[in-house]
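Dear colleague,

Here is the structure for your files. My notes on it follow below.

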Amino acid sequence: MKVAVLHAPNEPLTIEEVTLQKPKAREVLVRTAYAGLCHSDLHFIEGLYPHPLPTVPGHEVAGVVEAVGADVTYLQPGDHVIGCLSVFCGACQQCTAGRTVLCENTEVKMVPGQSRRLAWKGGEVMHQFLNLSAFAEQLLVHENALVKIDRDIPLDRATLVGCGVITGVGAVINTARIPAGATVAVIGCGGVGLSAVNGAALAGASRIIALDTLPEKLEVAREMGATDTILVGNDDPVQAVKDLTGGGVEYSFECLGLKVTAEQSFAMLKPGGTATIVGMVPFGQKIELHGFDFLRERRIQGSSMGSNHFRTDMPRLLTMWQQGRLKLDHLISAKIKLSEINDGFRRLKGGHVVRQLIEFG
């Protein structure tokens, strides 16, 4: 099958032929329909996060089940599915405590470099990326990396829910659990940030302030539910938020993964407020905060993939899309071929697109 391969940081991906093993116990073979280009992939491509190489990146994906291995009872050939990197075992301490996104079982949620599902050049190891490797015509994954969805859901819309949407909406509803009437600021209006805006609207926030450096992104944010927008330029965005709200917001969401915006998300809180870091701050980079601010009971926390329970959350989100409450159509900027993936990542880095989907056909 054809895949896109990352050989070294900051080098173009190459299109290669690799082989997949046959499904083993509890494994599922999926024919890929669409895969989204996500900023998280870009972090690994640029070497900001380490991963064994060569690897097939990609983690936002939907497709159709082709075959199942022994002991698979949840899925069968023909099922439509979404993949999720929050693969879980269901039996470890984190899973039984209800935090499946933090599953600790490395036999199911394999650490980078452990998987041997992909091979190339006569048997050399091709590393699987985050237990998925979505930039490929097929996936071979554990059944607990997949959620079955209704066949009448378009697979392009379903793909969006696999990472960007569940991460943004989940950060608001699952991680921060904002109450109705809350005041919210969202920093960064890419796919995740726009979904956080939408999540705040779904949760009944009274004020949703979207911040970005691009006016076209802020226009989309208003369509997703933002009540106010701030075009970030030379002025201090923290002061702009405080001026709009009379002292700061109750909840902020950092959706870019930058040191400066993480610090800003904390600074724009009113006393008692909570900042949630959703973006991937580069590996090893530290965030600096003023200790005094904690005396006013300001909080800062992380969110992994929207603290999801994806087999429950994703079908619910798609139902809300069918009802017109969740906004997915605004997120698709373009559909491209696998061979166009490097151009797609260049556009993504430029910031003028939200989600580009590789269409496998």
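**Salt bridges, a helix pair and a surface patch**

D329 has a relative accessibility of 43%, so it counts as partly exposed. Please keep in mind that this is a predicted model.

The side chain of D329 forms a salt bridge with that of R157, at 2.9 Å from N to O. This pair links distant parts of the chain, 172 residues apart: D329 is in the loop between α8 (310-322) and β18, and R157 is in helix α3 (residues 155-176).

The whole structure has 15 salt bridges. Another of them joins E288 and K259, also listed at 2.9 Å, N to O. Because E288 sits in the loop between β16 (269-277) and β17 (299-302) and K259 in helix α7, this pair ties together parts 29 residues apart in sequence. E288 is exposed at 58% relative accessibility, while K259 is partly exposed at 24%. R298 and D293 form a salt bridge at 3.6 Å, N to O, and both residues are buried. Through shared partners, salt bridges join D156, R157, D329 and K335 into one network.

K335 belongs to strand β18 (residues 332-336) and is partly exposed, at 39% relative accessibility.

On the helices: the axes of α4 (residues 191-203) and α5 (residues 215-224) come within 8 Å and cross at roughly 25°, which means that α4 is roughly parallel to α5. Their crossing is right-handed.

Finally, L256, L258 and V260 make up a nonpolar surface patch with about 240 Å² of accessible area together. L256 is in the loop between β15 (249-254) and α7 (259-267), and is partly exposed at 38% relative accessible area.

Regards

Key. Residues are numbered from 1 along each chain as its sequence is written. This is a predicted model: local features need pLDDT of at least 70, side-chain atom pairs count only at pLDDT 80 or more; totals for chains, interfaces and linings use all residues. Side-chain values use heavy atoms; hydrogens and water are left out. Patches are made of residues with over 30% relative accessible area and no salt bridge: like charges are joined within 9 Å, nonpolar side chains (Val, Leu, Ile, Met, Phe, Trp, Tyr) within 5 Å. Accessible areas come from the Shrake-Rupley method with a 1.4 Å probe; for residues, only the protein chains shown count as cover. A salt bridge is a side-chain nitrogen of Lys or Arg within 4 Å of a carboxyl oxygen of Asp or Glu. Helices (H or I, at least four residues) and strands (E, at least two) are DSSP runs, numbered from the N terminus. Buried means under 20% relative accessible area, exposed over 50%, partly exposed in between (1.4 Å probe, protein chains only). Axes are lines fitted to C-alpha atoms, for helices over the stretch in contact, and angles run from 0 to 180 degrees between N-to-C directions. Angles under 35 degrees count as roughly parallel, over 145 as roughly antiparallel, 65 to 115 as roughly perpendicular and the rest as oblique. A crossing is left-handed if the near helix is turned anticlockwise from the far one by less than a right angle, and right-handed if clockwise.
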